[in-house]
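Please look through the structure below from its overall fold down to single residues. The paragraphs that follow take up the chain as a whole, then its helices, and then its cores.

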Amino acid sequence: MRADLLVAVGHSRDAASRALVTDFLARWPGEVLVVVSWPERAASWLRQARRLTAGQPDAWVVASTVDSWWHVRRRLCEQPGWDPARTYLLHEGAVDLS
């Protein structure tokens, strides 16, 4: 992923996802538009999806449990401008920005 991209970062609030995002943010040389977190259970996840797409980021970086990502992704699909092809999912061992 190019460092000149403006990224929006999202994560579920579990320890593993928070750690992945913390590591990504420490290593990312580019600009971060927003960091959004979400709970494992929520009424809608619409607010988080809207925050992730506001400001027209170039790409999205996500660390999440499968269950909560399914809900957030469903809401992102409804948002203008979100593109799954420009979305990067982090998992353990995947943060390599070299």
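The protein chain has 3 helices and 4 strands, where helices (H or I, at least four residues) and strands (E, at least two) are DSSP runs numbered from the N terminus. Read along the sequence, these elements follow the pattern β-α-β-α-β-α-β. The model is a predicted one, in which local features need pLDDT of at least 70 and side-chain atom pairs count only at pLDDT 80 or more, while totals for chains, interfaces and linings use all residues. Residues are numbered from 1 along each chain as its sequence is written, and side-chain values use heavy atoms, with hydrogens and water left out.

How does the chain compare with a compact globule in its radius of gyration? For 98 residues such a globule would have a radius near 13 Å, and the protein chain, with 12 Å, agrees with this; the radius is taken over C-alpha atoms, and the globule rule is 2.2 Å times the number of residues to the power 0.38. Along its principal axes the C-alpha trace spans about 40 × 30 × 20 Å. Of the 98 residues, 39% count as buried, which means under 20% relative accessible area, whereas exposed means over 50% and partly exposed lies in between (1.4 Å probe, protein chains only). Among contacts (heavy atoms within 4.5 Å) between residues at least 6 apart in sequence, 72% join residues at least 24 apart.

Helix 2, residues 46–53, has L46, Q48, A49, L52 and T53 as its buried residues. Seen down the helix axis, they fall within an arc of 165 degrees, so they line one face of helix 2; the arc is that of the directions from the axis to the C-beta atoms. What covers these residues includes strand 1 (7–12), strand 2 (32–38), strand 3 (59–63) and helix 3 (66–76). Just after helix 2, G55 takes a positive phi of about 85 degrees.

In helix 3 the buried residues are S68, W69, V72, R75 and L76. They cover an arc of only 125 degrees around the axis, which puts them on the same side of helix 3, and they pack against strand 1, strand 2, helix 2, strand 3 and strand 4 (87–89). The face of helix 3 turned away from this buried side carries the exposed residues V66 and D67.

Which residues touch the most other members of the largest nonpolar core? Of its 13 residues, these are W38, L52, W69, V72 and L76, a nonpolar core being a set of buried Ala, Val, Leu, Ile, Met, Phe, Trp, Tyr and Cys residues joined through side-chain atoms within 4.5 Å. The elements that give two or more residues to this core are strand 2, helix 2, strand 3 and helix 3. Apart from it lies another core, of 11 residues, among them L5, F24, W28 and L90.

F24 lies in helix 1, residues 15–27, and counts as buried at 2% relative accessibility. The C-alpha atoms of F24 and A54, which stand 30 residues apart along the chain, are separated by 21 Å.

In strand 1 the reader can find H11, which is buried with a relative accessible area of 10%. Leaving aside neighbours within four places in sequence, H11 is in contact with S17, R18, V21, V35, V36, S37, W38 and A63.
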